[in-house]
Each structure stands twice: as C-alpha cells, then as structure tokens.
Amino acid sequence: MLQSVPRGARIGQRAGAYLVAACVVAVVYYATMAPSLTWSHWGSDGGDFVTAAVMNRVPHPPGSPAYLFLSRAALWLRPSDPARTLNCLSALCALGAMLLTMRTVRGRGVPAWASVVVGCSLAFSPWFWSQALITEVYATAALFSSLTILSVQHAEVHRFVPWALVGLSVGLGVSTHLTVAFLIPYVALGRRVHWPGFLVGLTVGILPYALLPLLGPWPQPWGDLSTMAGWLEYVSARMYWGNAFTLPLDDWPARILAWASLVTRQFTPLGALLIIIGAARIWSASRMRVFGGTLTFLLASLYAIGYNSPDSWVYLVAYMPLAAVALSDGIQALGDRKWRAGILHPALGVVIPILALVFFWRDASLSNDREATDWLQATLGAIPENAVVVTNQDRHTFALWYATEAVAWRPDVTVIDERLWGYGPYDEYVHTTLGGDGDTIAALAGTRPLCSVDRQSEVVCQ
C-alpha cells in the first residue's frame, strides 16, 4: 500500500531543491561575474547607475527609482568597489527571481527535481545570465516580474490584500523599468482580478517615482525635477521617445528573424519545443492564462523589436520567468500519458540547463573582463590636470563619471557629454559645475585644458 509522504519530509524536499539550485547558480554567477565596471553585455549604462547611487542623484530617464534605492542600500551595506557591489546586487536579484519561479512551478504540481531544472534553465538562459553579471536594472525587473507571477497564482478572488500584493509587485517592477507594465495583460486575463486591491497596490508600487524630486539639488545632468513639468518629462523618458517604434520598415524582417532566433536560443530549441507542448497541454483548462501570457510576451517583444536600438532585447529579460513557467508545463506534459511519445521522458528536461552551461559559458563569462577599467587607467593617465573632457558615447561618458565622481580617481577632471549639450537642464548643470560664462564648451572651459574622446576611444587634448 502506498504511504503518503509526511509533511515535514515534503518541506525538506522543497527546501533541499531550493538550496541545491541556489548553490549551483550562485557558484556559476560568482565565477562568471564582471570584476568591476564593465561595458560587456550592453552594460555601458552601469557607470551612470553607479554614479547616481553614490552621488545621490538620478540616473538617465525614467530613473528606475526602485532599483536606485536598492542600489543605495547595497552600497551602504558593502561600500568597497561600488561597481562590483552593484554587479553582486544584479546576481542576487537574478537568484531571487529564479527561486520565486521555482516556487511558482512547485505550486503548479511540478516535482522538486523538475523545479530545479526549470530554475537552472532560467538562470543559465543567455539573456538572463548576461544581465545577472553586470550593473543594470533588468535582473531586478525580473525579480519583480517573477514575484508578480507567483502572487497572481496565489491570489484569491474577491480578496483585497492578495491582489494589493499583486499590484504592489507590478508597481515595483514598473518603478524598475517601465516595460514591466506589459505584465498587466497576464494579470488581467489569467485570473479574476480584485481591481480595487490591485490598483491600490499598483499605486503604492509606483510611489518611488514621486520620491525622485527629493534627490536634489537641481538641476542635474538628466533634468530638473524641481518642477512638475520637469518631473513629467523625466519619468516619461521623453528624451527617448524618438527610439520607440522608429525602426525603419526595411529593417523589420531582419529584426523579427533575429528575435525568433534569440528567443529559441534562450532555453535551447528543446526548451522552446517543450514550451509549445506545455501551452498546448493546459490550453483546454486554462485558455485565458495561456492567452494572457502569450499576449504579454508578444507585446513586450513587439516593443523590443520596434525600438530603434541594438540592445532592445534586454527588455525581454523581465519576461524570462514567464517563459520558464511555461517550460515547466512542457516538462509535466512529458509525464502525461496523453502527451508522452516514444522515448520522451520528463527527465529529458535536465538536458536544457546542462546544454546552456556548456554552450553559453564562454559568451556569458566576464570573469576576465577589464576592458572598461583598463581604458579608464590609460585614459586618466593621458588627461592633464584640471582638464575638461568632452565625450560623445555612453560608454565613455558613464565610465568617466564613475572614475571622476563615484570613486574619485580624478576629481579634478570635468566630463561634458556633447550630445547632451543644448539640453536646458544639462547646460545649467554644466555652467554651475564649471562656474564660468559662455555659450560653448570651449568658452566655459576657459584656461583649463580641453580634451575630447574620439570614436576610437583615444584622448586628444588641445
């Protein structure tokens, strides 16, 4: 006669699964993490985020206030190398997203061993893995999206508090990156929503945006939030509207093909097949859940495809936990007599994270990446004392902000991004910083040495 597993044993199995997955992923992330500031994995914005957290000011729009406040807390706890600290923050957020996803799939009846497979498959998918190793907002956005997915699964109909928690997790995700708002169709279509509770939680979750004006004095490089108009322009990311859906029509076919290739690559082609099988398996019982998840992923993908920037794929990192949950349905399908075929077995899913480790390690690992710090050392050595340095690329501007302000290697150097020159708040900020008069950078520099960084990353001084 079959005997039921004691409740204590079940809890032990669950905790053991989480511990195994967490240890494996933590070791891999630690071994492959960038040692300090990096430009790799489209991480050039890292210097801006680090500088904003250290200097108590806002980063580039729309500000990512939830991430900013987490960053400041992390730097308070571990204030050594700020870039390394915020790289660790990304790894911890990615690890948290993985564990929350494992909890979600366990709630759907997935065995403990399979939840480890799903969690590791998520952790080692190339998009997700790459953003866990650098200073960026996307691992944190994935943490809040995975919390949303778990909260929706456990939210009860007509209960205020559970749905307020769902709204809070969505709001904090939006406070990390605006594109997390694409999760709302998944929330609305997957379950019957208690809208008053959800909207109250959502309002509380986006309140960090209201706190940004407290990070004065103003103006700062990215704006003047001391007025309502300035705040609205900043939090709406008005500066970047020109990139949304402006990809030339001739480039759409190639971008769509690239999207399809990259999406298939995330969990390997086998994982992509299992996701489709899993969706088919639960379609009859949970059509709206499948439709909501698919619509959410497609809307986020459409925005990423149409955004005229080569790194727009990073917007989909927050939706990888949703894909991982679908993967768990596919693994379960292999155990159903109706769906099982030939020699296929649920254990086949173990292959996915193993293949990801083997094939993606080399591309993901940044353990020896010192391009940004080596460039800074060489560049700072070539810049005269008390110089004004003009830049025109994100990687150069943000790296030099990091070096001159966040870690104060050369506090005598002033960095001016010529692409921002002409933007009212930035011009006022530069005038205040340099303390001079004039309508040109050269005039403001006065008698100070004037240098520039060219497209080849070389410093030229007058």
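**Close-up 1. Thr268 lies in helix H14, residues 268–283.** This is a view of a predicted model. Is Thr268 buried or exposed? Thr268 is buried, because its relative accessible area is 7% and the cut-off for buried is under 20%. Which residues does Thr268 touch, apart from its neighbours within four places in sequence? Its contacts are Ile352 and Leu355.

**Close-up 2. Helix H3 runs from residue 65 to residue 77.** H3 has 13 residues. From first C-alpha to last, H3 reaches 18 Å. That is close to the 18 Å expected at 1.5 Å a residue. Several H3 residues are buried: Pro65, Ala66, Tyr67, Leu68, Ser71, Ala74 and Leu75. An α-helix has 3.6 residues a turn, so residues three or four places apart point the same way. What covers the buried residues of H3? The cover includes helices H2 (46–55), H4 (82–107), H7 (138–154), H8 (160–174) and H11 (208–211).

**Close-up 3. Helix H4 crosses helix H16, residues 320–333.** Two packed helices are described by the angle between their axes and the distance between the axes. Here the axes come within 10 Å and cross at roughly 35°. The crossing of H4 and H16 is right-handed. On the H4 side, the contact uses Thr101, Thr104 and Val105. On the H16 side, it uses Pro321, Ala324, Val325 and Ser328. By class, the contact holds four nonpolar, three polar and no charged residues.

**Close-up 4. Gly107 also belongs to helix H4.** Gly107 is partly exposed, with a relative accessible area of 44%. How far apart are the C-alpha atoms of Gly107 and Gln153? They are separated by 8.1 Å, while the two residues are 46 residues apart along the chain.

**Close-up 5. One aromatic cluster is formed by Tyr138, Phe182, Phe245, Tyr303, Tyr307 and Tyr315.** A pair of aromatic rings is described by the distance of the centres and the angle of the planes. The model has 16 aromatic pairs. Take Tyr303 and Tyr307: their ring centres are 5.6 Å apart and their planes meet at 45°, so the pair is tilted. Tyr307 is buried, with a relative accessible area of 6%. Tyr303 also pairs with Tyr315. These centres are 5.7 Å apart and the planes are at 40°, so this pair is tilted too. Why does the pair tie together parts that are twelve residues apart in sequence? Tyr303 lies in helix H15 (residues 287–306), and Tyr315 lies in the loop between H15 and H16. Both Tyr303 and Tyr315 are buried.

Methods:
Residues are numbered from 1 along each chain as its sequence is written. This is a predicted model: local features need pLDDT of at least 70, side-chain atom pairs count only at pLDDT 80 or more; totals for chains, interfaces and linings use all residues. Side-chain values use heavy atoms; hydrogens and water are left out. Helices (H or I, at least four residues) and strands (E, at least two) are DSSP runs, numbered from the N terminus. The expected span of a helix is 1.5 Å times one less than its number of residues. Buried means under 20% relative accessible area, exposed over 50%, partly exposed in between (1.4 Å probe, protein chains only). Contact means heavy atoms within 4.5 Å. Axes are lines fitted to C-alpha atoms, for helices over the stretch in contact, and angles run from 0 to 180 degrees between N-to-C directions. A crossing is left-handed if the near helix is turned anticlockwise from the far one by less than a right angle, and right-handed if clockwise. Ala, Val, Leu, Ile, Met, Phe, Trp, Tyr, Cys and Pro count as nonpolar, Asp, Glu, Lys and Arg as charged, and the others, Gly among them, as polar. Rings of Phe, Tyr and Trp (its six-membered ring) pair if their centres lie within 6.5 Å; planes under 30 degrees apart count as stacked, over 60 as edge-to-face and the rest as tilted.
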